[in-house]
Amino acid sequence: MRGWVLSILAVLLAFASPVQICADEDVKGINALTEVPLTQLSDPGNTALGQAALAVRAGEWKHAETPHFILHFFHNFVAAQAAAELEFYYHAISTEMHSDTSGWERKSHVYIFENSDDWHAFQQKAQLDPWTGGIHSEGNLYIIRNPAFKFEGRSLGHETAHLVLYRFFGAAIPLWLNEGYAENSSIRFYSGLERQRGYAMLPRAGMLTPANYVPVAALTSALTYPDDVTKVAAFYTESERLVAFLREQSADGFVAFLDALSHGSTMQTALEKGFGTRFSSMDVLDKEFSEFAQKTLHSMAGN
């Protein structure tokens, strides 16, 4: 499978600058995906959100399959780029989580919109919040990609992490951990993806100020995002920093910790399963993490 990803990435490297779309056809020479009719897919994807997506410009969608995904799209070259990134992230996360998915039969569906009008039409049909800009639901992704830009940042990596965690560990992962790992892995793996494309890029995390710091007990017990929208970014950043801190203790221990939390363990029990006696209490974790967060903030502020 990794060879498949690298062959697609080779195509992307040849078209690293913005591309002008032809009105009636895809840009010739970069149709890297083999298109198949909807009725011939290994799984047609009959979820309510999937049907709402295909109802937008019904009849114009194209379809293809990769080793782990079924893609629905309008332009082949747009889907080919997304497919390469999806498989890249999937391979990286599954390797990191020591998860073997070779026995899985059902692939995840990815619906790729290309403009804001179509996306807004989908939002209305699916009754989504108007600020939604890409979602994971029931093991499937719904995203918007601007065909004029070949490299669109790490948002796809973030959403792919949600999808893969859902498939590996189910829907019971705490909110902070789900978002924190999605942020952390997308930062690390997008940097690696850019280096494969020939760019010198180091992982760069978000900024958190001491005034925005939330004690670990409060952060990890949150069931919803902050009511104050100005604090949402800080929630994501601190969640990512806590994931980074725990992974720094032990990458394998972090996987055991995540697995324990996703299967109903308390925070303290999950810490013991992942890190043994390293953190004797939540207060010990909070003290060490707050020092780590301040240190990394100072380091980032100096860059």
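Visitor: Which residues form one aromatic cluster here?

Guide: Please keep in mind that this is a predicted model. One aromatic cluster is formed by Trp176, Tyr181, Tyr213, Phe245, Phe254, Phe257, Phe275, Phe279, Phe289 and Phe292.

Visitor: How many aromatic pairs does a search of the whole structure find?

Guide: The search finds 24 aromatic pairs. One of them joins Phe113 and Trp119 in an edge-to-face arrangement.

Visitor: What describes a pair of aromatic rings?

Guide: Two quantities are used, namely the distance of the centres and the angle of the planes. For Phe113 and Trp119, the centres lie 5.3 Å apart and the planes make an angle of 80°. An angle over 60 degrees counts as edge-to-face, which is why this pair bears that name.

Visitor: Are Phe113 and Trp119 buried or exposed?

Guide: Both Phe113 and Trp119 are buried.

Visitor: Which ring does the charged end of Arg57 sit over?

Guide: The charged end of Arg57 sits over the ring of Phe74, at 4.0 Å from the ring centre. Another case is Arg188, which lies over the face of Phe189, 4.7 Å from the centre of that ring.

Visitor: Let us turn to the strands. In which sense do β3 and β5 pair?

Guide: Strand β3, residues 108-113, pairs with β5 in the parallel sense, over 4 bridges. Within this pairing, Tyr111 stands opposite Tyr142 of β5.

Visitor: How many bridges join β4 to β5?

Guide: There are 3 bridges between β5 and strand β4, residues 135-137, and these two strands run antiparallel.

Visitor: How far apart are the end C-alpha atoms of helix α5?

Guide: They are 21 Å apart. The helix has 15 residues, 155-169, and at 1.5 Å a residue it should span 21 Å, so the two values agree.

Visitor: Why is α5 described as largely enclosed by the rest of the structure?

Guide: The description is used because 12 of the 15 residues of α5 are buried. Among them are His158, Glu159, His162, Phe168 and Phe169.

Visitor: Which residue follows α5?

Guide: Gly170 follows α5, and its phi is positive, near 90°.

Key. Residues are numbered from 1 along each chain as its sequence is written. This is a predicted model: local features need pLDDT of at least 70, side-chain atom pairs count only at pLDDT 80 or more; totals for chains, interfaces and linings use all residues. Side-chain values use heavy atoms; hydrogens and water are left out. Rings of Phe, Tyr and Trp (its six-membered ring) pair if their centres lie within 6.5 Å; planes under 30 degrees apart count as stacked, over 60 as edge-to-face and the rest as tilted. Buried means under 20% relative accessible area, exposed over 50%, partly exposed in between (1.4 Å probe, protein chains only). A charge sits over a ring if NZ of Lys or CZ of Arg is within 6 Å of the ring centre and within 35 degrees of the ring normal. Two strands pair if DSSP finds at least two bridges between them. The expected span of a helix is 1.5 Å times one less than its number of residues.
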